[in-house]
Amino acid sequence: MKKVLALLLALLLAACANVSRMDGEQVVNDRLAVHLTDAWNKVSDPWEVDPYDTWTQEGIPLDHLRLWGGVRPGQPLMTKPAVFSRAADAKDRRVPTFRVGLPPERLVSLFEELYATAGAVTVTRMEPAMFAGQKGVRFEFTLARRSDDLDMQGVGWVAVRQDATWGEELYAATFVAPRLSFYQRLLPMAEAVVKSARIRSNPARS
Amino acid sequence: MPSTDTTGRRGFLRSACRHCLGLAALAGLPAIAQDLSSIRVPPRFKRPAADTDEGGLWGLMDREETRLKRSPLTIQDKDLRAYLSDLVCRLSEGHCTDIRVHPVRVPRFNAMMAPNGMMLVWSGLMLRAENEAQLAAVLGHELGHYLERHQVEQLRAAKDRAVLSTMVGMVGGVGSVLGQIGLMADMFAFSREHEERADRMGMRLMRHAGYDGREAAAIWDNLLAELRITGGKDAGKRGDMFETHPTTAGRRDQLLQLAGDAGGITGADPYRKVIAPLRLGWLQDEVKRGQYEESLVLFDRMLAKQPGDSEVLYARGEVHRLRDEAGDLERALSDLDAASRAPKAPVETFRALGLVHKQRSDRAAAARAFETYLAQAPQAPDAAMVRSYLAELK
């Protein structure tokens with residue numbers, strides 16, 4: 001029993017997320033460059049590589065700024081949930097996945113579905129906007145989060161860029177924080193990051 | 001149940017906090033179809049002393065309930081809350097004053113009950129119930145666990161008092177950390193015997209209250225049809241990922257046998273009426289789950305029962321519009337067009353219709369639909385977006 005507990009503890013510690021300080025020039029996925037005037041904390045989970053970067057000011061339970069840099073058609077916007085046991089004829093669950101030719105409101109729906117996995121989502125505003133130098137859409141939403149019963153507020157920017165190799169690439173950012181106090185206080189910092197976003201012209205292709 | 005300590009504790013944690021109608025409820029039950037007259041409803045429970053294991057569990061659940069009352073996910077609709085309380089009172093034979101029902105906005109199929117009398121009913125279950133009798137069947141099953149004190153038995157079976165302190169901080173909101181995409185919470189820990197007993201008690205309660213017991217089989221059948229979409233043909237026969245319930249069929253037959261053919265109330269009209277103000281939101285939550293095939297099974301079934309239901313036509317149109325695979329745009333157009341002609345079409349129908357027309361390059365029809373949308377909902381959250389589409393179209 002003790003051995004099992006020791007193993008569990010070791011696994012728990014190993015599963016802890018890494019946090020690193022971010023400032024100055026940063027590049028997400030080799031494709032989306034941003035300039036930071038305020039320092040952010042980048043949180044990465046060695047056990048789960050998300051298709052986005054996660055940054056935070058006050059810690060992940062409170063606020064997060066997610067950045068997607070150059071998502072290609074067919075790629076999901078979130079990590080697929082782990083399945084431990086399944087029947088031979090079982091099918092994968094759908095996860096929001098980028099594809100070619102999506103109009104702006106369908107791009108917003110992808111993020112609505114993404115956040116609906118965390119709680120009840122309502123889009124409260126949607127309007128044309130520029131992001132990373134591309135024509136795109138800005139949207140606001142509320143999220144009643146299930147894990148802690150918190151009333152969260154969020155904002156997102158998403159744009160699609162024509163790409164010679166992949167057809168299209170998706171660039172996006174979302175910022176979410178508790179509606180009370182945190183959102184209003186931290187939003188300017190998130191907006192500053194988003195305003196500085198630009199697509200790297202000659203990226204190193206992976 | 002596997003007998004190792006860790007699994008036992010995990011099983012308990014998963015059960016005591018969220019007494020879910022997990023997949024175990026669907027994993028076939030042994031064929032002990034007994035006469036319902038042998039089932040006795042116990043007298044009211046007294047609050048256990050705080051220094052006992054059971055008292056600790058109650059205290060923990062009391063704290064969860066306090067938090068739940070403040071949760072933005074708790075549905076505050078007075079009529080629905082009164083209706084659910086009344087339904088549970090009619091089912092629970094004298095335990096009414098000890099039970100509090102909390103409807104919660106989570107688009108998945110679940111209800112659960114804690115030993116302190118807190119009952120949760122998720123909106124995904126209420127959307128799927130076709131009538132009062134079906135809801136009564138599920139709530140009766142949960143009451144069965146409560147009246148037979150299965151949660152407390154499991155606490156004692158775990159033989160580990162530290163389990164209570166471990167639970168603090170793990171109850172974690174009304175949802176679950178695991179399986180937030182799945183239709184049902186991927187967790188349960190009742191034994192097959194407990195499930196079977198809860199089934200029989202549930203049937204006893206619903207029949208005593210005058211409901212048609214056959215509706216209990218119907219709601220599980222309907223749910224299975226949805227689960228098979230991703231789970232394969234044996235969905236619902238397999239238990240929890242940590243357990244090894246043998247596959248047995250025939251639960252439906254046993255429920256039907258217990259139900260008898262006396263018939264009874266189904267209560268479709270009062271149920272439809274009380275959920276009417278909330279149902280569009282629940283349909284939209286269902287669409288946002290993004291599990292299009294499961295939603296289509298549900299919406300097809302709802303439309304087969306009530307053809308021309310404009311809210312469900314709108315929702316099915318949305319699923320097809322968002323899925324957008326071969327033939328989906330035409331299906332979306334057909335549903336949304338039909339919904340838009342109904343006298344009480346949801347205003348969002350016109351937005352969706354405009355988007356489908358726009359995608360099909362029918363500029364005039366798209367503009368007409370968008371104009372109707374903006375006329376009916378000038379303050380819509382996406383009004384600026386729709387105006388920009390209109391400008392493009394012209």
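Is Arg149(B) buried, partly exposed or exposed? Hold that thought while we get our bearings. What you have here is a predicted model, where local features need pLDDT of at least 70 and side-chain atom pairs count only at pLDDT 80 or more, while totals for chains, interfaces and linings use all residues. Residues are numbered from 1 along each chain as its sequence is written, chains are lettered from A, and ligands are numbered from 1, in the order in which they are written.

Let's start with chain A. Its secondary structure comes to three helices and nine strands; helices (H or I, at least four residues) and strands (E, at least two) are DSSP runs, numbered from the N terminus. Of the 206 residues in chain A, 36% are buried. Here a residue is buried if 20 or more other C-beta atoms lie within 10 Å of its own, exposed if 12 or fewer, and partly exposed in between, with C-beta atoms placed from the backbone.

Now for chain B, which has 17 helices and three strands. Buried residues make up 50% of its 394 residues. Take its contacts with a separation of 6 or more: 72% of them are between residues 24 or more positions apart. Two residues are in contact if their C-beta atoms, placed from the backbone, lie within 7 Å.

Chain B is assigned domain 1 (5-259) and domain 2 (280-393), with bounds that come from an automatic or database domain assignment. Where they meet, 13 residues of domain 1 of chain B are in contact with 11 residues of domain 2 of chain B. On the domain 1 side, α4 (123-128) and α9 (214-231) of chain B are the elements that give two or more residues, and α9(B) gives the most, with five residues. That side has six nonpolar, three polar and four charged residues. In this scheme Ala, Val, Leu, Ile, Met, Phe, Trp, Tyr, Cys and Pro count as nonpolar, Asp, Glu, Lys and Arg as charged, and the others, Gly among them, as polar.

Next, look at a helix pair. Helix α12 (residues 292-305) of chain B packs against helix α13 (residues 310-323) of chain B at an angle of about 155°, with their axes 10 Å apart. Axes are lines fitted to C-alpha atoms, for helices over the stretch in contact, and angles run from 0 to 180 degrees between N-to-C directions. That makes α12(B) roughly antiparallel to α13(B), since angles under 35 degrees count as roughly parallel, over 145 as roughly antiparallel, 65 to 115 as roughly perpendicular and the rest as oblique. Their contact has 10 nonpolar, one polar and two charged residues.

A second pair is α15 (residues 348-359) and α16 (residues 363-376) of chain B, whose axes come within 8 Å and cross at roughly 160°. So α15(B) and α16(B) are roughly antiparallel to each other too. Their contact has seven nonpolar, four polar and two charged residues.

In the loop between α15 and α16 of chain B sits Ser361(B), with a positive phi near 60°. Most residues other than glycine have a negative phi. Ser361(B) is exposed, with 9 other C-beta atoms within 10 Å.

And Arg149(B)? Look in the loop between α5 (132-147) and α6 (150-158) of chain B. Arg149(B) is not a glycine, yet has a positive phi of about 55°. With 15 other C-beta atoms within 10 Å, Arg149(B) is partly exposed.
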